[in-house]
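Subject: Structure handover

Hello,

Please read the notes with the model open.

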Amino acid sequence: MKKIVKKIMSLTGALCLLLVLLCGQAFADPDGVILTPALEWATGDQSILFGNLQKKPVSIKLFDSIPDSTQPADEPSSSNDNEIPISVDGTPRGHGFMIDGVTYVSIREFGDMLDMPIEVAWDPEANILLATAEGFTLTLDPEAGYMTANDRCFYLPNKAHNVEGTIVVPIREMARCLSVEISWEAATRSINITTPEDGPAFLIPAEEYYVEEDLYWLSRIIYSESGNQPMEGMMAVGNVVLNRVADPTCPDSIYDVIFDNRYGVQFSVTETGAIYLEPNERSVVAAKLCLEGYKVVGDCLFFVNPKTGSVGWFESTRVHYATIGEHAFYI
């Protein structure tokens, strides 16, 4: 009798396992491999599933979409909590996404809100987003920390983000690109876009915006003093030069600030001749970002490399503001 009971129990257990295997739902893991909960439960070892399988991640190329290999790892998904309503002149037109206290928008959707269609495409070979319209060209490397519109540069300190497969950028930078103003409505947690009387317009191009001589010399002082530094460090050097231009105790042009020697040589590269070296692309970008008004070191007027220069005078007479890369900056 005991043998019969044991046989029935064994058959029942086998039948249950078979039913679980047949009825278990299949799920795909992030790498595109099919997982079966029943098999995982039965073996207790996921390595059995992955041992000889070739994983094939799916990369869907859509407008505004970043291929899987370039997507930031920890991106927020859209939800009612971080969606920000956006109105144009008081009329609701769409929404953006609040990420770390900054509102981001899709480039294409922002154009649609203003009835200015922008075509957006992804270049998989160059890993850049290209947005175009008549009189407007925007390029964006999601990992670069800046975007370029009509050859002008706009700072993205937290880079672009990916929300549910769509590249989004800070709304303030897009507002500058389309010549509109934005305001935050705290009571409704929403943004209103105010258009000018003659309507929105794409920004004027670099050749009309930057003063050629200013860009020429600012990019060269940035390159010769900090060409091997991170972007923020190069911008910081440019900020110091422009802060001196604005300071009433200093000369009032970029060229004159660089070559100022009233109290001794201000920048050693003017003595070594390094100031005349052709700047690299990153230095030109940093100069453009500074000329657009972006600041990373406030009102600092001095910087020094503590490893190669004396810091005694700076420490005793100035206030240390920040150290970026190899340079210490002082107000």
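**Pockets and sheets**

About 200 Å³ of space lies in the second largest pocket. A pocket here is an open set of points on a 1 Å grid over the protein atoms alone, where a 1.4 Å probe fits and protein lies on both sides within 12 Å along at least five of seven lines; lining residues have an atom within 4 Å of a point. Grid points are joined across faces, edges and corners, and a volume is the space filled by probe spheres set on the points.

This is a predicted model, in which local features need pLDDT of at least 70 and side-chain atom pairs count only at pLDDT 80 or more, while totals for chains, interfaces and linings use all residues. Residues are numbered from 1 along each chain as its sequence is written, and side-chain values use heavy atoms, with hydrogens and water left out.

The second largest pocket has 17 lining residues, and Gly101, Val102, Thr103, Ile171 and Arg172 lie nearest its centre. Strand E5 (102-106), helix H5 (171-177) and strand E13 (181-185) supply at least two lining residues each. Helices (H or I, at least four residues) and strands (E, at least two) are DSSP runs, numbered from the N terminus. By class, this lining divides into ten nonpolar, four polar and three charged residues. Ala, Val, Leu, Ile, Met, Phe, Trp, Tyr, Cys and Pro count as nonpolar, Asp, Glu, Lys and Arg as charged, and the others, Gly among them, as polar.

E5 and E13 both belong to an open sheet of seven strands with mixed pairing, in the order E11-E12-E5-E4-E3-E14-E13. Two strands pair if DSSP finds at least two bridges between them. Strand E11 (161-163) and E13 are the edge strands, each pairing on one side only. From one strand to the next, the twist averages 40°; axes are lines fitted to C-alpha atoms, for helices over the stretch in contact, and angles run from 0 to 180 degrees between N-to-C directions.

Some pairings within this sheet:

- E11 runs antiparallel to strand E12 (residues 166-170), joined by three bridges; His161 has Val168 as its bridge partner in E12.
- Strand E3 (residues 83-88) pairs with strand E4 (residues 91-99) in the antiparallel sense over six bridges. The two form a hairpin with two residues between them, and Asp89 in the turn has a positive phi of about 50°.
- E3 also pairs with strand E14 (residues 190-194), in the parallel sense over three bridges. Ser87 stands opposite Pro92 in E4 and has Asn192 as its bridge partner in E14.
- E13 and E14 run antiparallel, with five bridges, and Glu181 stands opposite Thr194. Their hairpin has four residues between the strands, with a positive phi of about 50° at Arg189 in the turn.

The largest pocket has a volume of about 700 Å³. Its lining comprises 26 residues, with Arg244, Val265, Gln266, Phe303 and Phe314 nearest the centre. Helix H8 (231-246), strand E15 (302-304) and helix H12 (312-317) give two or more residues each, and E15 gives the most, with three. The lining has eleven nonpolar, ten polar and five charged residues.

E15 is also part of an open sheet of three strands, ordered E15-E17-E16 with antiparallel pairing. E15 and strand E16 (320-324) stand at the edges with a single partner strand each, so one side of each is left without a neighbour in the sheet. H8 packs on this sheet, touching E15, E16 and E17, and its direction makes about 30° with that of E17; contact means heavy atoms within 4.5 Å.

Regards
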